[in-house]
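Student: I would like to learn how to read salt bridges in a model. Please take me through the terms as they come up.

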Amino acid sequence: MNQSMQPIQITEAAMQQVKALLDGRGKPSAGIRIGVRTKGCSGLSYTIEFADERNEFDEIMEQDGVTVMIDPKATMFIIGTEMDYVEEKLQAGFVFRNPNEKGRCGCGESFHV
C-alpha cells in the first residue's frame, strides 16, 4: 500500500519504539493494533496494543517489517493521523497528531472529531 494512502502515518521514531516493544514482549506477535475507545472528557482516546492475531475486518499496513492493524471501528477517526514517539525530560510516549480533531481535553487524554 502506498504510504500516502495509508490511514495513519507512523514516523521512524515511533516505528523504532514499536519494534523495541515487540522484541521485548517475550512471545511472538502478529503485530500491533491501533484503535480508539471511549474515554475522558472529550470522548475518545487512542489505543495501541500487541496483536496476537489478525481480526477479519482489521485494516492491515506493513511498515519496516512490522504489521500494523487498524481496528475497523477506529479507521474513520484516525484517517490522516501521524503517530510519533516523543522523548522529553519528564515524559516519553506515543503522540498522535490528527488533523481531524475538533478539540482535545485539557489533560490531553482524549479528543473528539
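Student: Is Glu 82 buried, exposed or partly exposed?

Tutor: Some ground rules come before the case. This is a predicted model, in which local features need pLDDT of at least 70 and side-chain atom pairs count only at pLDDT 80 or more, while totals for chains, interfaces and linings use all residues. Residues are numbered from 1 along each chain as its sequence is written, and side-chain values use heavy atoms, with hydrogens and water left out. Buried means under 20% relative accessible area, exposed over 50%, and partly exposed in between (1.4 Å probe, protein chains only). Glu 82 has a relative accessible area of 30%, so Glu 82 is partly exposed.

Student: How many salt bridges are there?

Tutor: Side chains of opposite charge can pair when their charged atoms come close. The term salt bridge here requires a side-chain nitrogen of Lys or Arg within 4 Å of a carboxyl oxygen of Asp or Glu. That rule gives eight salt bridges.

Student: With which residue does Arg 97 form a salt bridge at 2.7 Å?

Tutor: The partner is Glu 82, with the closest N and O atoms 2.7 Å apart. Arg 97 is in strand S7 (residues 92-97) and Glu 82 in strand S6 (residues 81-87), so the pair ties together parts 15 residues apart in sequence. Strands (E, at least two residues) are DSSP runs, numbered from the N terminus. Arg 97 also forms a salt bridge with Asp 84, at 3.1 Å between the closest N and O atoms.

Student: Is Asp 84 buried or exposed?

Tutor: Asp 84 is buried, at a relative accessible area of 14%.

Technical notes
Helices (H or I, at least four residues) and strands (E, at least two) are DSSP runs, numbered from the N terminus.
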